[in-house]
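Visitor: I've got a model here and a few things I'd like to ask about it. Shall we have a look together?

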Amino acid sequence: MALHQPQTSFDLLRVPGLGRLLRWRWGRLVMQLVMLALALLVIYDGLTGPQLASQNIAAVSVWVHYRGLVMLALLLAGNLFCMGCPFTLPRTLARRISGRGRRWPQALRNKWLAVGALVGFLWLYEAFDLWASPWLTAWLVIGYFAASFVLEALFAESPFCKYVCPLGTFNFVASTISPLQIAARRADVCRTCVGKECVNGSPQTLGCGTELFVPQIKSNLDCTFCLDCARACPHDNVALAARKPLSEFIPLPVRPFASGAAATRLAASAWPQRWDVAFLALVFAFAGLANAFGMTPPVYTLAATLSRALGTRSEALILALIFGLLMVLLPAALGLGAAWLSRRLGAAQDRRANRGSLRVVFARYAPTVAPLAFAIWFAHYWFHFASGALTIVPVTQNFLIDHGVTLLGSQPNWSLGPIMSEDAVFLLVLAALATGFLSSLYALSRTAAAEGTLKAARRAMLPWLALWMILALAAILIFSLPMEMRGMIG
Ligand code: SF4
Ligand code: SF4
């Protein structure tokens, strides 16, 4: 077993006051209750309030604010939404029902279902115009509570977060660029720890719901930042540590866990070398582009062409075809093609190069797209957030006035909306994309360095470099097009 340690000394759980609050037994519950109150407000106003999206708390808070703020939290800290996720609150009741229920099926212990759920969620969003319907947005939130509850009630562990939830899947991949990560404070304490309560739990505390073992965590993938591990550890040995930028994408020296020997070896990657996980990274990137593309004029031309060619007027079917092509087929074909070429080019230069099967090469390089993919999503969600963040003020005023409260004025100020000018937003988008591309390029070059010789590394990374460049240029092109201003006062 390999032991992983944080690379810096900053530990959020050691910050006076805040650390104590985060580790407090009821700390997460307090955050969840606040989020639950917001979720109930979304449901209430979505079902009973004005059905014009730009005047309803459900549509504005979910499709403008949640998405913008979650990206900011991921960039500055980590997976804070999952930390305060209200959908897992009915767990205690569900656990009572499930008792010692069954384990999640072995065949589903991977990310294939999560990839399908993420693509399905994005398709639902576009095909049913969720952004334009407060009523459907409210039902989406209700559906989330129901799905989480049912899976918790049927299975003894917590499969919803790790294997199903599209929001969690999105946050897991996006948080791989985040600056904070769970880690063991002292390796020697973990080596001699008998109960391993961080993962096993104890009669008083829960262990890790997604079954991560603290001293072996190298990635934020699958970590909900719930801090159950920190509360469960009897040795106070869990840190929420700062790490070097992009450290997940750079091979690191690690020490054997069990023996305590000082010998080091080079880790291939922080990510497991699996088809499903690597494919998820690619889908995350292509879905970011497809989702933004879905709000630009060319998508309507493409949909009309397909509609004529196929003789159907079903928008759901047309969008399923477009998204299936852009989010699934394209990343699969281009990713496999890049892996095949990378393998051949590297080996042609140096037969001793650090090659491997197609799966190993695919899984080694595909995750390096994550910083660029994050940038694409960030650019998209911040385009909407920066263009409409202040809309929440008149929407809240309107809600209060409708309920007889004039605390924030007797007339909503519908002129409020943007927090940045259009030019500034476009500059932000370009800066995000440039930073994302350069970060992916850096991760790619560090990954290729494990190929052996410099020439082999250069040749092996070429197909991936070409693919990341195409993605970055496509993103710039899409964000240069006029984009629908969703969730805003027109
Ligand atoms: S319970 Fe604490 S000391 Fe034991 S293995 Fe987990 S993090 Fe290490
Ligand atoms: S390692 Fe597990 S228990 Fe700890 S914060 Fe992450 S998901 Fe929660």
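This is a predicted model: local features need pLDDT of at least 70, side-chain atom pairs count only at pLDDT 80 or more; totals for chains, interfaces and linings use all residues.

Visitor: Which elements give two or more residues to the shell around ligand 1?

Guide: The shell has 13 residues, and the closest are Cys 190, Cys 193, Cys 198, Val 214 and Cys 233. Two elements supply two or more residues each: helix H10 (187-191) and helix H11 (197-200).

Visitor: On to strand S2: how many of its residues are buried?

Guide: In a regular strand, side chains alternate between the two faces of the sheet. On one side of S2 sit Leu 180, Ile 182 and Ala 184, on the other Gln 181 and Ala 183, and both faces are covered. For S2 (residues 180-184) the buried count is 5 of 5.

Visitor: What is the bridge partner of Ile 182 in S3?

Guide: S2 pairs with strand S3 (residues 238-242) in the antiparallel sense, over 5 bridges. Within S3, Ile 182 is partnered by Leu 240.

Visitor: Which helix gives the largest share of the side of domain 1 that touches domain 2?

Guide: Domain 1 covers 1-244, and domain 2 covers 272-401 + 414-490. The contact takes 33 residues from domain 1 and 39 residues from domain 2. On the domain 1 side, H3 (57-76), H6 (112-127) and H9 (166-174) each give two or more residues. The largest share, 11 residues, comes from H3.

Technical notes:
Residues are numbered from 1 along each chain as its sequence is written. Chains are lettered from A and ligands numbered from 1 in the order in which they are written. A residue is near a molecule or strand if its C-beta atom, placed from the backbone, lies within 6 Å of it. Helices (H or I, at least four residues) and strands (E, at least two) are DSSP runs, numbered from the N terminus. A residue is buried if 20 or more other C-beta atoms lie within 10 Å of its own, exposed if 12 or fewer, and partly exposed in between; C-beta atoms are placed from the backbone. Two strands pair if DSSP finds at least two bridges between them. Domain bounds come from an automatic or database domain assignment. Two residues are in contact if their C-beta atoms, placed from the backbone, lie within 7 Å.
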